[in-house]
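Me: I would like to go through the terms used for this structure one at a time, and to see for each of them what the label rests on.

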Amino acid sequence: MSGNAPGRPTLRSALARVQFRVMLLTLVLAALGGLLSSILVVDSYVREELRLVGGLASYSAEPAIVFQDRAAMREAVQPLADSDGIRAIVLTTGDQRIEVRHTPGDRLIRRIELAIAEALWPQPAVVQIRHGGQPIGEARVYAGFGNLGGYLVVGLGCGLACLALALSLTYFLSLRLQRRIAAPLQAIASVAHQVRVGRALHLRAPPAPIEEIHTLGEDFNALLGELEGWQDHLRSENAALAHRASHDALTGLANRAVLEERLATAIGAAGGAETWIGLLYLDANRFKRVNDRFGHMAGDALLREIADRLRHCIRRNDLAARFGGDEFAVLMTQASGASEMAAIAERIHAAMREPVILPDGSEITCSVSIGMALFPRDGTDAPALLRAADEAMYASKRRDGPPLPDVVPSR
Amino acid sequence: MWVGVLLLLSPLMIFAQAAFFPVSTPVPAGADAPGRAIATMVRGIISFTRWPAQPDPMQFCLLGPTRMTDGDLDTLSAGGRGVRVTRVPEGAASVPASCDTLYLGTVPPQRLSRLIAQGHERPLLTIAEEDAACRGGTMFCLHVRRSDISFELNLDAVSRSGVTVDPRVLRLSSGATR
């Protein structure tokens, strides 16, 4: 994921960490419980063993005590003290005391074990020796280390094995969580990122296996859908506004500002090259009278009709514009010369000769006056060209002589 | 926990390896006669002997001169069990039927053998004070030395006697290994 600040964990590592801690805590608690119970069990076994050994010592030593044979007493309990589980056995009878100790051998570890056993179980098990119902002595048995070392090693090994198991389980569980939680979340985050960077509002988060994440993704998708709708709406609104700003509402032709801008651009692009740019200036003759006589609705209809015919007469790359009132203009950016312009002007004249049917059914004929200007012949910038075209148009209007009867009623 | 079981079993295994060793009851220094030590050993032997029907009091029949004094003989019943000491006349032809224990003091071996060979209708514990070779047919033969006393066991006599002797005592016998 991008934007991952240093020191901030990823979802997967956070999940893995939590999981590992829980597992470790469980392990430690279980180990503590196991340790406590095993300490209790071992302790109880050791005490039980001491009592058993005491009973054995008492049983073995009983005849020797009866016969007052010290050597036999020692012999009777010596085998018992050879066990690692026994530190010492002390027999007392009357004023006699016989002590048999476990010999730890030369190894240091055995002595350490005996010292530990002495610290762990300082008190002996005391068993009374009876003969014929009468107490004749006591056997005291002191605990040794026994197989506690092996037990500790096994326990430690089991603990380490459990730890390793917990670690590997954490790894696999976090992989699983990654698949089920982190990956879907990352998918959503990645979509959000692409939306932010690339405005890719059409992207959608994929379905997730977990309900909450799935709902999150669905809501996110719904939000994206709404954003997309808003964006489309804004775009169309912007387009409408732009069209309204650059076009004439009545005829749908470009307005004066657009034409002047396009003209300036074309002049700029032409530079010193051998390119002709033509400009036609049109004016409907006696339009005011149509307005006065047939009303503004009729005037508007006439203007729309003029615009339509104009649109049909010009070439595809030419731009027709309405300058306001009954004035129109045509920009020809790829004019091959004055003759072509003249031909188009003639075509326009011809188109205008067709009668126009007004909304009320009356039929009128409306002529136009056309002035031409050619870049660079008549001007090298937009205002000069416009002025030249305008003057040419007025010149043409004057030259065409007295205006025709403004209206020719069809019936 | 399994370690605990091992700890439990270990002394039993060691007990199975126990060796035989002869008993020796010390004779206290300075004592002129070893009578007290003999009495201690006899009392021990009696206490480790089981009759099919435990006699109470137990009839302790004494034949021939012994190194035990009357005071020593009185200590025989100190172990809690009642012991009645009866002296069998020197010339008796057979062991009185009421005897539970026959203690033979200084009796010639031939006489001893004859007495034992006659048999006895009741279970009888037999102890000989002076039978170094232990050929007379008594169950226990005491070996009285200057410093200590030990005993030897005649297993044939034990098996014929009708009484049972605690196996721990058999292990203490100096003759058990023979």
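Me: What share of the 178 residues of chain B counts as buried?

Reply: In this predicted model, 50% of the 178 residues of chain B count as buried, a word that stands for a relative accessible area under 20%. The chain holds 6 helices and 9 strands, and its accessible surface comes to about 8,500 Å², with 57% of that belonging to carbon and sulfur atoms.

Me: Why is A:Leu25 called exposed?

Reply: A:Leu25 has a relative accessibility of 53%, and exposed means over 50%, so the residue counts as exposed. A:Leu25 is found in helix α1 of chain A, and it is one of the residues that make a nonpolar surface patch of about 920 Å², among them also A:Leu24, A:Val28 and A:Ile39. The elements giving two or more residues to this patch are α1 (11–66) and α4 (148–198) of chain A, and α1(A) gives the most, with 7 residues.

Me: Why does A:Glu211 count as exposed?

Reply: The relative accessibility of A:Glu211 is 55%, and because the label exposed asks for over 50%, A:Glu211 counts as exposed. This residue is placed in helix α5 (residues 211–246) of chain A, and together with A:Glu212, A:Glu218 and A:Asp219 it forms a negative surface patch.

Me: Why is A:Gln68 called partly exposed, and what is its phi?

Reply: A:Gln68 has a relative accessible area of 33%, and since buried means under 20% and exposed over 50%, a value in between is called partly exposed; A:Gln68 is therefore partly exposed. Its phi is near 55°, a positive value in a residue other than glycine, whereas most residues other than glycine have a negative phi. A:Gln68 sits in the loop between α1 and α2 (70–81) of chain A.

Me: Why does A:Arg199 count as exposed?

Reply: For A:Arg199 the relative accessibility is 59%, and the label exposed applies over 50%, so A:Arg199 counts as exposed. Its phi, near 50°, is likewise a positive value in a residue other than glycine, and A:Arg199 is placed in the loop between α4 and α5 of chain A.

Me: What makes the peptide bond from A:Phe375 to A:Pro376 a cis bond?

Reply: That bond has omega near 0° and is cis, while most peptide bonds are trans. A:Pro376 lies in the loop between β10 (368–375) and α10 (382–399) of chain A. In chain B, a cis peptide bond joins B:Asp56 and B:Pro57, with omega about 0°, and B:Pro57 lies in the loop between β2 (49–50) and β3 (58–63).

Definitions and conventions: Residues numbered from 1 in each chain as written. Chains lettered and ligands numbered in written order. Predicted model: local features only at pLDDT ≥ 70, side-chain atom pairs only at ≥ 80, totals over all residues. Heavy atoms only, no water. Patch = residues over 30% accessible without salt bridge, like charges linked within 9 Å, V, L, I, M, F, W, Y side chains within 5 Å. Areas by Shrake-Rupley, 256 points an atom, 1.4 Å probe, with all protein chains shown as cover. Salt bridge = Lys/Arg side-chain N within 4 Å of Asp/Glu carboxyl O. Lys, Arg positive; Asp, Glu negative; His and termini not counted. Charge placed at Lys NZ, Arg CZ, Asp CG, Glu CD. Helix = DSSP H or I, 4+ residues; strand = E, 2+ residues; numbered from the N terminus. Buried < 20%, exposed > 50% of the residue type's maximum accessible area, 1.4 Å probe, protein only.
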